[in-house]
Amino acid sequence: MNTYWKFGAIVAVVIGVLTWLGMGGVNESKTYYKEIKEVKAMGVHADTERLRVNGYVQQGSIVRDGAKVSFILHETPGMLQNDPERLEVVYNGADPLPDTFKDNAQALADGKLGQDGVFHASKVQAKCASKYEAKPQMKTDATPVRTQARG
Amino acid sequence: MENIGALSILLAFCFAIYAVVASVVGKLKKNSFLIVSAERAVYSVWVLVTTASGLLIYSLLTGDFRLAYVAAHTDSSMKMIYKFTAWWGGQQGSLLLWSWLLATYSTVVVFMNRRKFRDMMPWVTTVLMVTESFFLMLIAFVLSPFAVLEAGRGNIVEGVGQGLNPLLQYWTMVIHPPMLYLGYVGFTVPFAFAMGSLITKQPGDAWIHTTRRWTIVTWLFQSAGILLGQGWAYAVLGWGGYWAWDPVENASLLPWITATAFLHSVMMQEKKGMMKVWNMVLISGTFFLCIFGTFLTRSGVVSSVHAFAQSPIGKYFVMFLAVGIAATVILILERLKYLKSEARLESVVSRESSFMFNNLILVASCFAVLWGTMFPVISEALTGEKISVDAPFFNRINIPIGLALIFLTGIGPLIAWRRSSIESLKRAFMMPSIAAVVLMGVLAGFGVWEHPYALVSFGLCMFVTATIISEFWKGASAIRAKDGVGFLPAAITLTHRNTRRYGGYLVHMGIVFMFIGYTGAAFDVNVTKEIPPGGSFALGHYDLHIANVEQGENDTYAWQRLTVDASRNGSPLGVLYPERRLYKASQQPTSEVAIRRRLNEDLYINFAGLSADNKRAVIQAYVFPLVSWIWIGFWVLAFGTIVCLIPNKVRLSYARTQVVGVAEKHAAVER
């Protein structure tokens, strides 16, 4: 057989295997970006897909109970209990929450919506409170901080 | 002051544009006066950008809080060194740093080649200055580092500044960004030479020889930048990880992957005259990925935990990338006939094909990382649904790729050019294979078979180590027999004869050490506990006792500190002091983790704060096996890279090998 054919066959196999691995990886870890109201609207279907929800942590809503941390996210910053667009989140991951995660911080929660309407996060990321970004054109590179559930 | 700074940037922009125009016109009209004037303009750009940078640094150090940039990134209580590092702490400043580094590189290139490559240099200058003027345009017209706050206009000095994020006030963070930038920016130079040789229709390898050292040095800077980032994440962020496949991390990795592929595939061109088109593609790809990386980190197009703000510069980067890539592709297609391969692939079992596989899987990895990073953008464009992929995706693809790469690291250097016989393969690989299988058998006996990837990884690391040792052993033994010196002097002589080859082995050894460290992650242990002072808990084979909780404060932050006594089987191992701080200026809490670093494993304790009733300490404790080998591996890699840069001892004794031929050809080109 011609060398180039052999080489081509090996290349095809390598690419095929990697594509297969990649597709598996996508299916395993794909996460849909959703807004809080979209998550609410999804209702019962929401518990099958991994979701990523962005929101602002309600002042004083962070409750730590051992490794479990619960808090409430809002679509817009500075909202309190009466806001309809809010989501109760429970984080139960292995890793510590980032230092930037605190009242009024902007947070990204990855996880699934449970039947009980509570969002069960396996990973929470947080950006610094919006104080730094109050003035347009003067935005600050905030914090490279993360927490991550190792797979 | 700010006016002089802004004016310097504006003038530098004009000079850069002038250098482009004068180079092109001078070259086309064969006017050497214009060409020289373009080169002088390059020096002027450097002087002007240096002036602007100096003024910004002066404002940062003296705390001129009228300036928006100074107020946003420093405060009066910060240490001098961190005030200085605020130069690259924000968007505008880091773009200025980019421009300054490129101006510096350009100046060095123009000066070093002021009498060489006269036909190619105008085009090199052009490419460098087009890139420079793009970045200067951004800071001159879009994001000025010298913008003055509203409050400052009335000369009312507002406050003391908001301070640099305390998480960034750590020594590796001082040098991590400039290291990465030195790497990013540095690839502009080999790219410029590649384009210069394409435009002037020089099919040869002159551009590769000239830029080889550049490429190696910038590759080292990039490696250092990435590793410093990992070291920082590990020591500061409190979750003990060093890599999370975050878009910004991926952005730094992408050009590193293509650059690594480039460093290998140029050897094919030097020795065999093959893969010329491919090398052009790789170096262009690396350059554009560097720009793309800057774009990702600076534009906020993909949401990242690094939380760089959304900014208006994204569209400029997209335009620059689109035009640049289109021009490069057209140029390469136009010049295809000058890039014909001089040799054919003769066998699948040969050095050539091992290089090709190395390139194939590196590029596949690069593509996968790029695809995964851009997945939210791609999926939104295609389906309207924004979907992200996460660590499992990257790990699934990149772990097998990493293993295949480490395998090739062992195979490649020992396999013959053109074709290899079964006999020679047996001779070269019998012992390393046996060593690997024995190690895997022993580890499997200890229960490592539960982690098949880890088992394979350790086996391959053993395999590569054995091949590298055998290479040094064979060469050094020959010298020893001839000169009657000890093994170490013989090994040094050997390395000095062919620094690229043996330096390369050292780099490979560093990579092996890093793989050992990464593989250790399969065996991490962690536990989260709430423990009252005086309490104890167990983690793996460690016993941890919380002896004390203290509190206090100073000018910059308030702190709480634990005293943790670690012991194993009743024998004390030492005391660790994890700490929690609250910085006053930014109201930002941070954790200062305590790490007991050892070669076999790190004990890592994070104090997450006090529990709700203030009576118990919340502690996250980890054991990270082998993690120190990542940092050791980096130092070996850096040492090996530096060895590669040392010139060979002249008059090689084995005068007819191809390596010498290349060295002579190189010398001829230099003349």
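A residue is called buried if 20 or more other C-beta atoms lie within 10 Å of its own, exposed if 12 or fewer do, and partly exposed in between, with the C-beta atoms placed from the backbone. By that rule, buried residues make up 41% of the 151 residues in chain A. The structure is a predicted model, in which local features need pLDDT of at least 70 and side-chain atom pairs count only at pLDDT 80 or more, while totals for chains, interfaces and linings use all residues. Residues are numbered from 1 along each chain as its sequence is written, and chains are lettered from A and ligands numbered from 1 in the order in which they are written.

Chain A contains two helices and seven strands, where helices (H or I, at least four residues) and strands (E, at least two) are DSSP runs numbered from the N terminus. Along the sequence these elements follow the pattern α-β-α-β-β-β-β-β-β.

Chain B is divided into domain 1 (1-164), domain 2 (167-399), domain 3 (400-522 + 629-644) and domain 4 (530-619), with bounds that come from an automatic or database domain assignment. The C-alpha centres of domain 1 and domain 4 of chain B lie 45 Å apart.

Next come the nonpolar cores, each a set of buried Ala, Val, Leu, Ile, Met, Phe, Trp, Tyr and Cys residues joined through C-beta atoms within 7 Å. The largest of them has 199 residues, of which Ala19(B) and Val45(B) touch the most other members, and its largest share, 14 residues, comes from helix 10 (residues 206-236) of chain B. A second, separate core of 24 residues includes Leu51(A), Val53(A), Ile72(A) and Ala105(A).

Two helices of chain B, helix 18 (residues 487-497) and helix 19 (residues 499-520), pack at an angle of about 115 degrees with their axes 5 Å apart; axes are lines fitted to C-alpha atoms, for helices over the stretch in contact, and angles run from 0 to 180 degrees between N-to-C directions. Helix 18 of chain B contributes Leu494(B), Thr495(B) and His496(B) to the contact, and helix 19 of chain B contributes Thr499(B), Tyr502(B) and Gly503(B), two residues being in contact if their C-beta atoms, placed from the backbone, lie within 7 Å.

Finally, strand 7 (residues 579-583) of chain B runs antiparallel to strand 5 (residues 557-568) of chain B, joined by five bridges, and five bridges also join strand 7 to strand 8 (residues 588-592) of chain B, again antiparallel; strands pair if DSSP finds at least two bridges between them. Arg580(B) in strand 7 stands opposite Gln560(B), and its bridge partner in strand 8 is Ser591(B).
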